[in-house]
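Biologist: I would like to learn how to read a structure like this one. Could we go through it together, step by step?

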Amino acid sequence: MTKPPAPSPRPFHYPAPGSPLHCGKVSLATLARRYQTPLYVYSADQIAERLALFQHAFASRDHLVCYAVKANSALAILKLLAGRGAGFDIVSGGELQRVLTAAPDAAGRVVFSGVGKTAPEIDFALNAGILQFNVESEAELALLAARARKLQLPARFALRVNPDVFADTHPYISTGLREHKFGIDIRRARALYKSVARNRWLEAHGVSVHIGSQIRSAQPFGQAIERVAKLVGQLRREGIVLKAVDAGGGLGIDYHGGPFDAAAKVAEYAAAVEDGLAGFEGQLLIEPGRFLVAQAGALVARVLVVKRNGNKTFVITDAAMNDLIRPALYQAHHDIVPVSPRAGSAHAVDVVGPVCESGDFFARDRKLAPIKPGDLVALLDAGAYGLAQSSNYNTRLRPAEVLVEGSKARLIRRRETIADLLAPELDLDAN
Ligand SMILES: *Cc1c(COP(=O)(O)O)cnc(C)c1O
């Protein structure tokens with residue numbers, strides 16, 4: 001086996017004492033001046049490196065890394081990943097449209113997940129010729145069969161099984177227990193595969209599982225795959241030979257800025273998956289999202305106001321919960337660092353946005369170095385579920401996005417304009 005790619009330092013770093021925070025070789029102070037704030041900045045180098053870690057870890061078997069588009073659906077990032085051999089995990093027709101826009105020849109590398117696919121979305125994916133539908137209910141399987149028959153296009157499907165495995169993560173992003181809305185009870189799956197074995201419009205192509213997101217331990221992945229592999233074996237003995245096992249995504253990162261050895265994490269994950277797969281010799285699909293892009297991204301914001309209320313100090317930035325909702329939605333932690341640190345001792349502050357909600361905060365009672373109005377701060381590890389979950393709440397314009405590759409920074413999404421926002425709305429008197 002070839003050597004794994006050498007892990008590079010965190011993409012966000014201070015190259016020398018007194019110099020501003022950089023992404024790779026590019027200063028965030030320069031980018032903020034050029035593109036204004038709030039601004040998402042991503043390291044293309046780290047995203048490519050993370051993809052290579054997975055590809056390397058599974059190099060000894062037929063595999064496909066299907067990047068979970070919902071984590072960060074920027075066309076430039078999809079294009080970058082497609083160019084390096086990635087496939088995609090999508091959860092809507094809109095995401096398929098994005099993949100086909102970024103990489104028109106990638107349709108054959110797409111898996112389609114999600115608990116509520118509509119007939120038009122299924123038709124679109126059938127016509128595009130995607131690799132596999134990950135079906136989450138009996139009703140969906142019936143709908144898929146009906147659409148495939150109507151279009152005279154056979155559908156490759158996998159049942160997304162619910163393995164009833166507990167994974168320690170935030171309850172909103174845990175999905176692998178029987179009480180969750182996701183997947184088909186693994187005890188029902190065998191009968192369901194058998195019930196459609198004679199349907200000429202349905203090809204039982206694989207089986208899939210996805211137990212949740214931001215899972216830090218490899219053990220539940222292995223446990224889930226082991227249950228899936230057992231099902232694959234039972235089906236084979238009954239004459240149903242599945243070609244693919246889709247292990248889903250969910251591998252977590254460290255949001256607390258400690259030393260993080262991504263290569264070791266992926267190796268540990270791969271070992272657990274391989275262990276669980278036992279003798280399975282078909283294709284392995286995996287669907288990482290967060291792990292590929294989270295640590296590659298930062299949200300750069302400018303401090304508007306520093307104010308004291310009672311004995312609390314509030315640092316109010318021009319970024320808000322509409323730009324990055326993870327702290328408000330999941331009580332998520334993001335490290336916050338000044339772009340150009342000032343000398344002096346750290347004080348506990350709340351870092352908040354201008355939105356009219358008390359839930360609009362990035363950090364509470366966080367020790368930060370001295371900060372003044374006009375300073376820039378970077379919210380780290382914001383590359384996943386950042387802009388992807390953003391909104392226009394408070395009629396705020398969504399940030400621009402910049403992709404940094406080596407010493408080159410390219411704008412990949414311009415800042416929205418008020419005209420963009422108002423365009424879909426209709427004048428009451430004109431209709
Ligand atoms: C969200 C999701 C993923 C990606 O999860 P991450 O935690 O970002 O890796 C993969 N597969 C499915 C089905 C998902 O819903």
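Biologist: Which pocket is the space taken by the ligand?

Modeller: Happy to start there! A pocket is found on a 1 Å grid over the protein atoms alone, as an open set of points with protein on both sides within 12 Å along at least five of seven lines. Here, the ligand takes up the space of the largest pocket. Before we go on, this is a predicted model: local features need pLDDT of at least 70, side-chain atom pairs count only at pLDDT 80 or more, and totals for chains, interfaces and linings use all residues. Residues are numbered from 1 along each chain as its sequence is written, and side-chain values use heavy atoms, with hydrogens and water left out.

Biologist: Which atoms of the ligand lie 2.3 Å and 2.6 Å from side-chain N or O atoms?

Modeller: Look for polar contacts, pairs of N or O atoms within 3.5 Å. An oxygen atom of the ligand is 2.3 Å from a side-chain N or O atom of Ser-213, and a nitrogen atom of the ligand is 2.6 Å from one in the side chain of Glu-287. Arg-290 uses a backbone N or O atom, 2.8 Å from a ligand oxygen. The protein buries 94% of the 390 Å² that the ligand exposes when taken alone, by the Shrake-Rupley method with a 1.4 Å probe.

Biologist: What is the order of the three strands in the open sheet?

Modeller: Strands of a sheet pair through backbone hydrogen bonds, either parallel or antiparallel. Strands are DSSP runs (E, at least two residues), numbered from the N terminus, and two of them pair if DSSP finds at least two bridges between them. In this sheet the order is E1-E2-E3, with antiparallel pairing. Strands E1 (12–13) and E3 (26–27) stand at the edges with a single partner strand each, so one side of each has no neighbour in the sheet.

Conventions:
A polar contact is a pair of N or O atoms within 3.5 Å; within protein, one must be able to donate a hydrogen and the other to accept it, and residues adjacent in sequence count only if both atoms are side-chain atoms. On a 1 Å grid over the protein atoms alone, a cavity is a set of points where a 1.4 Å probe fits but cannot get out, and a pocket is an open set with protein on both sides within 12 Å along at least five of seven lines; lining residues have an atom within 4 Å of a point. A molecule sits in a cavity or pocket if more than half of its atoms lie within 2 Å of its grid points. Helices (H or I, at least four residues) and strands (E, at least two) are DSSP runs, numbered from the N terminus.
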